[in-house]
Amino acid sequence: MSFAASILTLYPEMFPGPLGVSLAGRALERGDWSCETLQIRDFATDKHRTVDDTPAGGGAGMVLKCDVLAAAVDHAVAKSRDNGTGEAVPILAMTPRGKPITQERIREIASGPGVAILCGRFEGFDERLFEARPEIEQVSMGDIVLSGGEPAALAILDACIRLLPGVMGAPSSGAEESFENGLLEYPQYTRPQQWEGRTIPEVLRSGDHAKIAAWRKARSEDHTRLRRPDLWERYSDARDRPASGARRKD
Ligand code: SAH
């Protein structure tokens, strides 16, 4: 069964965009995933097809209207039910105010029937959308502010698509990657053996797989501790907890 992505956007021409080439592009051609766009403006009800209005309380910019957004989301949900098994797909709204996306959540989404992604613009969404449609998951790409949700949606889709069965060359290449075991990946090297006076670490040429695995694990741990204290804390907590301890869900 194909993974069905449906994107709610004011700029449908941005899709599939970069996901039309390379790995994701070939998977799209094969039908491993599909990409449907819904123009949010088509759900406006006035003759000017208005999607935004000025912020209540004043301030810069424009806010996307909750009535128009809800009509678009409801349509996407109904359509995903008709297309597929009747199973509801997760609905993600792109917003810097959301929960940062994780590889764990990407894996869950990729193993399901598809995803609907709502892309914001301007100052974002009228908050009442999220009160009235609590099933919408507010998701952030990280502590940066984009001009629109589309690049975030493309990144999330890319992360899902590469996990779909048959999309990535070697099935094992997903498993050892950054975040999969709570750590950043170890550093990688390739030929030439000597470059600008720098040598590939000797252990990697030793052919001793146990030694290589131990070296990689130690480097993974070093890098994570130095670069990502947040991940390191979670990792060391989990490592130090007795095996019988229940897994914490945050
Ligand atoms: N006024 C908002 C930012 C709006 S940016 C605020 O300060 O929170 C315009 C749109 O870009 C948002 O509605 C959202 O869809 C998208 N966007 C910006 N940064 C993002 C991020 N870090 N993650 C996901 N989407 C983002």
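The protein chain divides into domain 1 (3-161) and domain 2 (176-240), with bounds taken from an automatic or database domain assignment. The C-alpha centres of domain 1 and domain 2 are separated by 35 Å. The model is predicted: local features need pLDDT of at least 70, side-chain atom pairs count only at pLDDT 80 or more, and totals for chains, interfaces and linings use all residues. Residues are numbered from 1 along each chain as its sequence is written, and side-chain values use heavy atoms, with hydrogens and water left out.

S6 belongs to strand β1 (residues 3-9); strands are DSSP runs of E, at least two residues, numbered from the N terminus. Its relative accessible area is 10%. S6 is therefore buried (under 20% relative accessible area, 1.4 Å probe, protein chains only). Beyond its neighbours within four places in sequence, S6 contacts E36, A76, V115, A116 and I117 (heavy atoms within 4.5 Å). From S6 to V21 the C-alpha distance is 18 Å, at a sequence separation of 15 residues.

The ligand is surrounded by 20 residues (a heavy atom within 4 Å). The closest are M94, G120, M141, I144 and L146. Polar contacts are pairs of N or O atoms within 3.5 Å. A polar backbone atom of I144 lies 2.7 Å from a ligand nitrogen. For G120, a backbone N or O atom is 2.9 Å from a ligand oxygen. A polar backbone atom of G148 is 3.4 Å from an oxygen atom of the ligand. Taken alone, the ligand exposes 560 Å², of which the protein buries 87% (Shrake-Rupley method, 1.4 Å probe).

Methods. Helices (H or I, at least four residues) and strands (E, at least two) are DSSP runs, numbered from the N terminus. Buried means under 20% relative accessible area, exposed over 50%, partly exposed in between (1.4 Å probe, protein chains only). A polar contact is a pair of N or O atoms within 3.5 Å; within protein, one must be able to donate a hydrogen and the other to accept it, and residues adjacent in sequence count only if both atoms are side-chain atoms.
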